[in-house]
Amino acid sequence: MSTPTDTTRRSDTAAVTLTAGLVALLVLVSAMPPLGTAAYLAGLPMAAEDLGITTGAAQLTLTVYIIGLALGQIVIGPLSDRFGRRRPLLVGILAFVLFSISISFAPTLEIMLVLRLFQGIAASSGMVLGRAIVHDMVQGDRAARALNVITAAGLIVPALAPLLGSLILAFGTWRTIFLVLAGLGAVVGVWSFIRIPETHGVRAQSGPGGPGKRPAATPNMLRFVMYTAVVSFSFMAMYSYVSSAPFVFQQLHGFTPAGYATTGAVLSLIMAGVGIAGSRFIGRETPLGTFTAARAVGAGLVVLFFGAVLVLATVLFELHVAWYIAALAVAVAPVALISGSATALAMDSSPLRGGASSAVIGFSQSVLGAMAPPLVGILGVDARPMAVVFVGAALLGLIAAWIGRPRV
């Protein structure tokens, strides 16, 4: 039996549609979490010197932030199924602003670690609720298109945010970076307060027309698990490259820090560009039939696996670094397309509620992504372990997609 609150919520949100403006705002909301890490990287050595700690100790401030991102999604996602999306999102953004300001005045490493953990938890609201809001409003190929754009933005931010951090350091300190983050969070928060409606209870659309034109997909736990695994393994493959990139480019191939950063930025922009471009084709007719989200995942994983094999070949045969970069470009290009499309398919088939589904996907993605660096480190100290993990993760993603594929 529905409560008066539920009835009011459904009537208030029945006419809500996913417009381009709302997608743009969700892009900004979802981009805040990676910005909290990437913009701070340039100030890490300065923070270590200011706090009187080693660089390794300062790097813990990155680790606890990422832990906060993972744990926060598990908490906030299910809460949003009970209290709605809008309220937890606005509280999360407000908390992000307050913790960012507090970090700028942190006197010791210990206090900063605690604040960074809670800053990560607060920031996770943008990640987990961005997906949930899209799922509330649209499903199927429409959801895949929106999530591809959001995922692509999440890849652009780490590529460009260090430049923002460096610009801030030109006239301020590492503490100024967190004040700027607080300011950006405040702007996004005000915009979200004005423009993001309550979407919990909206009957999602899967095609043209108003809400409720097509019933939601039939829940399928196996498909949910497999497409969640696809998202996680695609990010594990990417993080195997990201975690080893400084060593491979700078120590093995003699790149300068600027050269390494530029190469990484170009690869991130390629990932984002393919994700955005691919989103425009999902749902369109092709000579081979409709390019559905499931086909986007399958095609993307084939390219990812082929590129990973090329990366392994360039490493084993010690080819010129230009071939290595070209192979990496092929391998990582479809990551955003795979992740956004697989996320939409996972949430459509999930027997869980939208917030809980988004939380499981985000947590799994964070855990497998975090496993890549230590796994690469355990296997060895050259580029071969990275390439092996890359190929293995891509292959596991292909297997998961084949098991979870829709049966016609």
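This is a predicted model: local features need pLDDT of at least 70, side-chain atom pairs count only at pLDDT 80 or more; totals for chains, interfaces and linings use all residues.
Visitor: OK, how many salt bridges does a search of the whole structure find?

Guide: The search finds three salt bridges, each being a side-chain nitrogen of Lys or Arg within 4 Å of a carboxyl oxygen of Asp or Glu.

Visitor: Which residues are joined into one network?

Guide: D81, R85 and D136 are joined, through salt bridges that share partners. The closest N and O atoms are 2.9 Å apart between D81 and R85, and 2.7 Å apart between D136 and R85. The D136 pair links distant parts of the chain, since D136 lies in helix α6 (residues 109–137) and R85 in the loop between α4 (55–83) and α5 (86–103), 51 residues apart; helices here are DSSP runs of H or I with at least four residues, numbered from the N terminus.

Visitor: And D136 and R85, buried or exposed?

Guide: Both D136 and R85 are buried, and D81 is buried as well.

Visitor: What does D50 meet in a salt bridge?

Guide: The side chain of D50 meets that of R175, at 3.0 Å from N to O. D50 is partly exposed, with a relative accessible area of 44%, whereas R175, at 19%, counts as buried.

Visitor: Switching topic: at what angle do α9 and α13 pack?

Guide: Helix α9 (residues 221–252) and helix α13 (residues 335–349) pack at about 160°, their axes 8 Å apart. The two are therefore roughly antiparallel, a label for angles over 145 degrees.

Visitor: Which residues of α9 and α13 make the contact?

Guide: With contact meaning heavy atoms within 4.5 Å, the residues include F224, Y227, V231 and F235 of α9, and I338, A342, L345 and A346 of α13. By class, the contact has 12 nonpolar, five polar and one charged residues, where Asp, Glu, Lys and Arg are charged, Ala, Val, Leu, Ile, Met, Phe, Trp, Tyr, Cys and Pro nonpolar, and the others polar.

How values were computed:
Residues are numbered from 1 along each chain as its sequence is written. Side-chain values use heavy atoms; hydrogens and water are left out. Axes are lines fitted to C-alpha atoms, for helices over the stretch in contact, and angles run from 0 to 180 degrees between N-to-C directions. Angles under 35 degrees count as roughly parallel, over 145 as roughly antiparallel, 65 to 115 as roughly perpendicular and the rest as oblique. Buried means under 20% relative accessible area, exposed over 50%, partly exposed in between (1.4 Å probe, protein chains only).
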